[in-house]
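Biologist: I would like a close look at a single part of this model, followed by a tour of what surrounds it. Could you take me through it?

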Amino acid sequence: MDISNIINELGEDRELYFNAVAPPIWQASNFAFKTVEDFSKIAEDERQAYVYSRGINPTTDILRKKLAALDHAEDCLLFSSGAAAIFAGVFANVKAGDHIVSVKNPYSSAKKMFDAILPRFGVTVSYIDGKTIEEWENARQNNTVLFYLESPNSWTYELQPLAQIAQLAKKHNIVTFIDNTYCTPIYQNVIDIGIDIAMQTATKYIGGHSDTLGGVLCGSNAMMKKIFDTELMTIGSSLQPFNGWLLLRGLRTLPLRLERIHQTTQRIISFLDQHPAIEKIIFPFHPSFEQYELAKKQMKAALGLVTIILKKYDRSSIIHFCESLRHFLMAVSWGGHESLVIPRCTFIPEQDYNPDNEYHRHIRLYCGLEEPEYLIQDLEQALKTI
Ligand SMILES: *Cc1c(COP(=O)(O)O)cnc(C)c1O
């Protein structure tokens, strides 16, 4: 299906709402039935009917249909945040005694779930670099039920060979789960290569305006029914109608914004590449990137997030550079209209900062929708100050 068709038409039925071009926000918690017979049918599959907005709501349902199609998946579930989507997708697939193999640096909330919550329920996790199929093969145990992937991740961009991992997992009946937030289905279709659950946080690129949170899981009808019936409905972490409406609005311009961010990122990297104060650029499509070949093969594009290392080693120079930026806001998150900067040392106590540890010197930039020249001038003036 054409992306324009998905974004502009799929799931919308304007005649139901006075031919309004923008669908309304159905701000309703519950929906009434005329007959007991109709009412009783909801027991079969509550995903098929509007009953109660903890499950399905007409506003969020439009978004759900579009996002399933974008991911080439049979169905999609929407959550109040990306973290809620990760939690539900993983929990629905494990029980006491099970084992998970995960990439070493998954998103922070996933890591917390693996380290602090799942052990309470007797589920264990092994962390691996995960860059080669052999590592997944070796880490697999007889009780392994889930492979947790994030390719690329959102700080250092490590990738996993997705097609090979999906194949290995299928052979051993292991569920594959990927955090695909960096690429979105626009630049990486993971369901097509056999991954079972494609997760992305809608907070980042789909929302695109830094004004709402949301989480997405896509996969087979059976897998989505399982997660819906258990974790989604019992935790109650579903997406609210107004937030769904904002995300639908964001989705209309997703390809356009990604294209712009892609171009701006290229321009900024070219600028940083020739700048004498920059020691290293970490970016999946940079020729110096360790997994450059795999990135080119697996992803249609790399964009938005770029991690840099300055030639300075001291913590104060890093801080000075970041605080000197006028247009890159210092904040968490990314994917919105505004450019951002975040130095890793923010989260490393001063006494623990080790200049010989490259990781401690990371500065992550996010390129937003501003004019590229405006951002480059800002970087230039801040680099001059160190
Ligand atoms: C932000 C983020 C999440 C979590 O999403 P929330 O909507 O903030 O809960 C998960 N994965 C990645 C890669 C992220 O950047």
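Modeller: Happy to! Let's start with helix H3, whose 13 residues reach 19 Å from the first C-alpha to the last, close to the 18 Å expected at 1.5 Å a residue. That expected span is 1.5 Å times one less than the number of residues. Helices (H or I, at least four residues) and strands (E, at least two) are DSSP runs, numbered from the N terminus. Please keep in mind that this is a predicted model, in which local features need pLDDT of at least 70 and side-chain atom pairs count only at pLDDT 80 or more, while totals for chains, interfaces and linings use all residues. Residues are numbered from 1 along each chain as its sequence is written, and side-chain values use heavy atoms, with hydrogens and water left out.

H3 covers residues 58-70, and 12 of its 13 residues are buried, so the helix is largely enclosed by the rest of the structure. Here buried means under 20% relative accessible area, exposed over 50% and partly exposed in between, using a 1.4 Å probe and protein chains only. Among the buried residues are Ile-62, Leu-63, Leu-67 and Leu-70, but also Asp-61, Arg-64 and Lys-66. Together, the buried residues pack against helix H1 (3-8), helix H8 (184-187), helix H10 (241-252) and the strands E1 and E7, where contact means heavy atoms within 4.5 Å.

Both ends of H3 deserve a look. Just after the helix, His-72 takes a positive phi of about 55°.

H3 lies across E1 and E7, running at about 130° to E1. Axes are lines fitted to C-alpha atoms, for helices over the stretch in contact, and angles run from 0 to 180 degrees between N-to-C directions. E1 and E7 belong to an open sheet of seven strands with mixed pairing, in the order E1-E7-E6-E5-E4-E2-E3. Its edge strands are E1 (75-79) and E3 (124-128), each pairing on one side only. On average, neighbouring strands in this sheet are turned by 20° against each other, direction ignored. Two strands count as paired if DSSP finds at least two bridges between them. E7 (residues 215-219) is joined to E6 (residues 197-201) in the antiparallel sense by four bridges, and Gly-215 of E7 stands opposite Thr-201. Further along, helix H7 (residues 162-171) lies across E4 (144-150) and E5 (175-179), at about 170° to E4.

Thr-201 also brings us to the ligand, since it is one of the residues around it, along with others including Tyr-107, Glu-150, Thr-203, Lys-204 and Trp-334; a residue is counted here if one of its heavy atoms lies within 4 Å. A ligand nitrogen is 2.6 Å from an N or O atom in the side chain of Asp-179.

To finish the tour, there is also an open sheet of five strands with mixed pairing, in the order E8-E9-E12-E11-E10. E8 (278-282) and E10 (329-330) stand at its edges with a single partner strand each, so one side of each has no neighbour in the sheet. Helix H11 (residues 254-273) packs on this sheet, touching E8, E9 (305-310) and E12, and its direction makes about 150° with that of E8. E11 (residues 340-343) runs antiparallel to E12 (residues 363-366), joined by four bridges, and pairs in the parallel sense with E10 over two bridges. Val-341 shows both sides of E11: Met-330 has it as bridge partner, and it stands opposite Leu-365 in E12. Leu-340 and Ile-342 point one way from E11, Val-341 and Pro-343 the other way, and all are buried. In the loop between E11 and E12 sits His-362, buried with a relative accessible area of 3%. Residues touched by His-362 include Trp-155, Ile-282, Thr-307 and Ile-342.

How values were computed. A polar contact is a pair of N or O atoms within 3.5 Å; within protein, one must be able to donate a hydrogen and the other to accept it, and residues adjacent in sequence count only if both atoms are side-chain atoms. Lists of a residue's contacts leave out its neighbours within four places in sequence.
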